[in-house]
Amino acid sequence: MSFAALWESLLPLGRDAGTGGYRRFSWTPADEECRRWFFNTAAERGLSPSTDRNGNLWAWWDAPWTDPGAGPAKAVVTGSHLDSVPDGGAYDGPLGVVTAFAAIDLLRERGKAPARPLAVAAFCEEEGARFGVACLGSRLLTDAIEPERARALTDSAGTTFAAAMTAAGHDPAALGPDPGLIGGIAAYVELHIEQGRALADLDAAIGVAERIWPHGRWRLTFTGRADHAGTTRLGDRHDPMLAAAATVLAARGAAARHGALATVGKLTVDPGAVNAISSSVTAWLDARAPDDRRLRAVTGDVLTQARTAAVAHGVALDHAQESVTAAVDFDAALRDRMVATLAAAGIRAPVLPTGAGHDAGVLAASLPTGMLFVRNPTGVSHSPAEHAEPGDCAVGVTALAAVLEDLACR
Ligand code: GLV
Ligand code: MN
Ligand code: MN
């Protein structure tokens, strides 16, 4: 099947008719539809689909792999994720999964067969959009988060990850590391839409990832006192919104001072009445920086200013780190090998760093991983406007097939 037909088959799932954005949140009906699409797409290709103990999806190209002399050959895995941020774009995650299946089709058209196991993976809750911790499926798989903590994570309605998983027909008691699965993988390669404009500026369709900036998420809850908006004198107020607002501005200032990025993209306001001072406001801070020192400096500055604002406005502050991912340098040998393979296929692929997090970054702590980026003409991502040109997606399929042929078919 062509890339376009595969792409079209996934496109309607979980798309909001009003915004045109995607709401593919873990363990919801939209997520279930995406999981069914993955299973059907794998089965149509004679691949063996399965769901692992952490809700991650796998589609294996089965064949007799064991060399009686050398033992089982280690696998090559490619893929990405199918979940989205609220009103996310079509490409972030799905491009890597659809391209993986299309690259397998292309290898077969060319009469290539793997000499070791080859699988497509789609990781669970990569965005952390429903339960707050990004890359939850790959973290669980690699022992980077306690299963107990994952089970207890809650969504905005208070539903736990465990309860949502159970309702979707999966057993949360089984969550946890799988050293057997991870230990059997030689390399993981994730293709992803670029979430910036570097490739457009370099006039290149494809890039290879060099490193991921360290990044993390913090939750700050300011608790004040609900009161009447029309009668409470300014001096008598304990308004948590004022401290939250100061924190939003502090994030912007700290990011600019330290050459980093910091964003408050989510706020909840209780009780949310037009004519009342809020009782509490929760702000989520997303911060990213070129190195750990600058990330610490940004978050330290924001927390200091949040505390000062809380005192100034007479409100309490409670804060928690939801997730932090250290800087990731992708495996240099795999990166150089991919660049050379692409060059031999006539594809110029500049090497780039990124500020976006990925399962390939989490898995990098356990096995060699690498990433291919597909040009994003505007750089816009985490938005319904996210886009890659069909011609560049086609080059992505060719590039991934070349890399998989090199890694798995020799
Ligand atoms: C994942 O898309 C991230 O937030 O970097
Ligand atoms: Mn994303
Ligand atoms: Mn992604």
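Glu127 places a polar side-chain atom 3.1 Å from an oxygen atom of ligand 1. The model is predicted, so local features need pLDDT of at least 70 and side-chain atom pairs pLDDT 80 or more, while totals for chains, interfaces and linings use all residues; side-chain values use heavy atoms, without hydrogens and water. Residues are numbered from 1 along each chain, chains are lettered from A, and ligands are numbered from 1 as written.

| Residue | Polar atom | Distance to an oxygen atom of ligand 1 |
|---|---|---|
| Glu127 | side chain | 3.1 Å |
| Arg288 | side chain | 2.6 Å |
| Gly357 | backbone | 2.6 Å |

On its own, ligand 1 has 190 Å² of accessible area (Shrake-Rupley method, 1.4 Å probe), and the protein covers 93% of that area. The residues around the ligand, with a heavy atom within 4 Å of it, are Asp92, Glu127, Arg288, Ala356, Gly357 and His382. By class, this shell holds one nonpolar, two polar and three charged residues, with Gly counted as polar.

Which residues coordinate the manganese ion (ligand 2)? The donors (N, O and S atoms within 2.8 Å of this metal) come from Asp92 (OD), Glu127 (OE), Glu127 (OE) and His382 (NE2), at 2.0 to 2.7 Å. Asp92 also bridges to the manganese ion (ligand 3), and the two ions lie 3.6 Å apart. Asp92 sits in the loop between β3 (75-81) and α3 (94-109), and Glu127 in the loop between β4 (118-123) and α4 (136-141), 35 residues apart. Helices (at least four residues) and strands (at least two) are DSSP runs. Asp92 and Glu127 are both buried, meaning under 20% relative accessible area with a 1.4 Å probe.

Technical notes
A polar contact is a pair of N or O atoms within 3.5 Å; within protein, one must be able to donate a hydrogen and the other to accept it, and residues adjacent in sequence count only if both atoms are side-chain atoms. Donors are N, O and S atoms within 2.8 Å of the metal (3.2 Å for Na, K and Ca); water is not among the atoms, so sites may look incomplete. Buried means under 20% relative accessible area, exposed over 50%, partly exposed in between (1.4 Å probe, protein chains only).
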